[in-house]
Amino acid sequence: HLQNSKSPQGLVGLRNLGNTCFMNSILQCLSNTRDLRDYCLHSSHRRDLNSNSRTHTTLMEEFAKLIQTLWTSSSSEAVSPSEFKTQIQKYAPRFVGYNQQDAQEFLRFLLDGLHNEVNRITVRPRAHAEDWDHLADDEKGKKMWNKYLEREDSRVVDLFVGQLKSTLTCSECGYCSTVFDPFWDLSLPIAKKSRGCDGDEKPTCHRCKARRKCTKKFTIQKFPRILVLHLKRFSEARVRTSKLSTFVNFPLKDLDLREFASDNSVNAVYNLYAVSNHSGTTLGGHYTAYCRNPTLGEWYSFNDSRVTPMSSSQVRSSDAYVLFYELSPPPRFYSFFVGLFEITPYFPPNRGCGWSAEPRGCPPRAGSWSLFFLISSCGCYRTAVNERIPNLK
Ligand SMILES: [Zn+2]
């Protein structure tokens with residue numbers, strides 16, 4: 001089933017070391033995160049290794065070694081992640097032992113650990129409070145983001161971190177205050193919902209100078225390259241008392257989040273490439289992963305040491321727990337000149353894949369012919385023979 005490929009190229013299972021399916025599931029999702037995989041495969045992480053890090057860079061090294069093994073191994077036999085496990089336990093002692101853990105929580109710890117070791121910032125500037133309340137929201141958001149990057153700046157941040165904007169509106173005086181926070185993932189039931197804050201949650205209104213009932217609204221100020229969506233199935237990650245096995249109908253392609261954007265002119269269309277699944281109950285359960293191989297473009301099921309091909313129609317299930325989406329790049333267009341004049345198409349950004357070309361340059365001379373191929377980054381093409389190309393759609 002390895003499809004004309006001599007080596008298994010990422011289609012290698014991970015041995016279960018005793019209740020470590022939560023770890024295996026997340027590792028496979030990350031192994032199929034193209035940019036993170038390439039970062040490890042090209043050993044680019046070596047450049048960034050930050051020797052000031054408290055774990056002395058061994059977690060990143062072990063992670064990269066494991067990814068390299070999964071992608072360059074000549075046999076399809078399952079690999080043991082035991083050395084990696086030893087390192088993650090040093091970083092996050094709560095993963096010591098062989099108890100079942102929460103995959104989403106593990107992902108957080110792992111990304112945080114990797115980030116710390118390859119943080120481009122070796123000396124963090126001293127934190128000082130700044131008052132940006134007089135600035136326009138967008139300006140304030142940018143300042144807050146730059147302030148974050150002054151302390152936390154790595155390949156992991158480049159890929160996974162976005163910025164959330166929360167707007168609090170006082171129900172008495174209507175005063176609006178905005179706060180910007182970086183996020184590594186979004187937990188679905190709370191994200192994007194307007195909700196009232198009451199009781200102990202009542203925040204202080206800066207205009208009324210008193211605790212007021214207010215509405216809180218979240219929008220996404222900056223979309224991350226990789227969007228991790230956590231379907232909050234468990235009542236609480238640590239003390240799991242109940243689980244919802246509701247079927248969530250999430251799209252595999254073209255998840256358009258522009259309606260949740262602070263500024264809806266941005267590019268916010270995502271495609272799914274990996275899912276960490278949890279089957280079973282709060283007491284006993286099992287984690288697997290469904291991932292789209294970034295090289296082959298096909299879906300595979302990773303169940304510890306077993307890797308099997310699957311159809312994309314099986315990806316959505318009521319076991320889906322953590323979803324990994326990749327931002328689809330704004331389409332880029334190439335024109336190939338095969339004639340007497342050249343058109344330099346102008347494509348307004350963030351329009352999805354559509355044609356919207358304005359011809360630039362000389363018009364064709366009467367009696368001459370010209371042939372153009374316009375090819376977009378997603379592979380759509382169209383030819384144009386001896387014609388102006390106004391607003392192709
Ligand atoms: Zn107020």
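User: I am looking at α4 and α5. Which hand does their crossing have?

Analyst: The crossing of α4 and α5 is left-handed. Please keep in mind that this is a predicted model.

User: What angle do α4 and α5 pack at?

Analyst: The angle is about 155°, and the axes of α4 and α5 are 9 Å apart. Angles over 145 degrees count as roughly antiparallel, and α4 is therefore roughly antiparallel to α5.

User: Which residues of α4 and α5 make the contact?

Analyst: From α4, the contact involves Thr58, Leu59, Glu62, Phe63, Lys65 and Leu66. From α5, Glu83, Phe84, Gln87, Ile88 and Tyr91 take part.

User: And how many of those are nonpolar, polar and charged?

Analyst: The contact of α4 with α5 has six nonpolar, two polar and three charged residues.

User: New topic: aromatic rings. How many aromatic pairs are there in the whole structure?

Analyst: A search of the whole structure gives seven aromatic pairs. One of them is formed by Phe22 and Phe106, with 5.3 Å from centre to centre and 85° between the planes, and this pair is edge-to-face.

User: Where in the chain do Phe22 and Phe106 lie?

Analyst: Phe22 is in helix α1 and Phe106 is in helix α6. The two residues are 84 residues apart, and their pair links distant parts of the chain.

User: Is Phe22 buried or exposed? What about Phe106, buried or exposed?

Analyst: Phe22 has a relative accessible area of 4% and is buried. Phe106 is also buried, with a value of 0%.

User: Back to Phe63 and Phe84, then. What sort of pair do their rings form?

Analyst: The ring centres of Phe63 and Phe84 are 6.3 Å apart and the planes are at 55°, so this pair is tilted. Phe63 belongs to helix α4 (residues 58–72) and Phe84 to helix α5 (residues 82–91), so the pair ties together parts that are 21 residues apart in sequence. Both Phe63 and Phe84 are buried.

User: Which residues form an aromatic cluster?

Analyst: Phe234, Tyr287 and Tyr321 form one aromatic cluster.

User: Now α1 and α6. How do these helices pack?

Analyst: Helix α1 (residues 21–31) and helix α6 (residues 103–117) pack at about 55°, with axes 9 Å apart. The helices are therefore oblique to each other, and α1 passes α6 in a right-handed crossing.

User: Which residues meet there, from α1 and from α6?

Analyst: Phe22, Met23, Ile26, Leu27 and Leu30 of α1 meet Ala103, Phe106, Leu107, Leu110 and Leu111 of α6. The residues of this contact comprise 10 nonpolar, no polar and no charged.

Technical notes:
Residues are numbered from 1 along each chain as its sequence is written. This is a predicted model: local features need pLDDT of at least 70, side-chain atom pairs count only at pLDDT 80 or more; totals for chains, interfaces and linings use all residues. Side-chain values use heavy atoms; hydrogens and water are left out. Axes are lines fitted to C-alpha atoms, for helices over the stretch in contact, and angles run from 0 to 180 degrees between N-to-C directions. Helices (H or I, at least four residues) and strands (E, at least two) are DSSP runs, numbered from the N terminus. Angles under 35 degrees count as roughly parallel, over 145 as roughly antiparallel, 65 to 115 as roughly perpendicular and the rest as oblique. A crossing is left-handed if the near helix is turned anticlockwise from the far one by less than a right angle, and right-handed if clockwise. Contact means heavy atoms within 4.5 Å. Ala, Val, Leu, Ile, Met, Phe, Trp, Tyr, Cys and Pro count as nonpolar, Asp, Glu, Lys and Arg as charged, and the others, Gly among them, as polar. Rings of Phe, Tyr and Trp (its six-membered ring) pair if their centres lie within 6.5 Å; planes under 30 degrees apart count as stacked, over 60 as edge-to-face and the rest as tilted. Buried means under 20% relative accessible area, exposed over 50%, partly exposed in between (1.4 Å probe, protein chains only).
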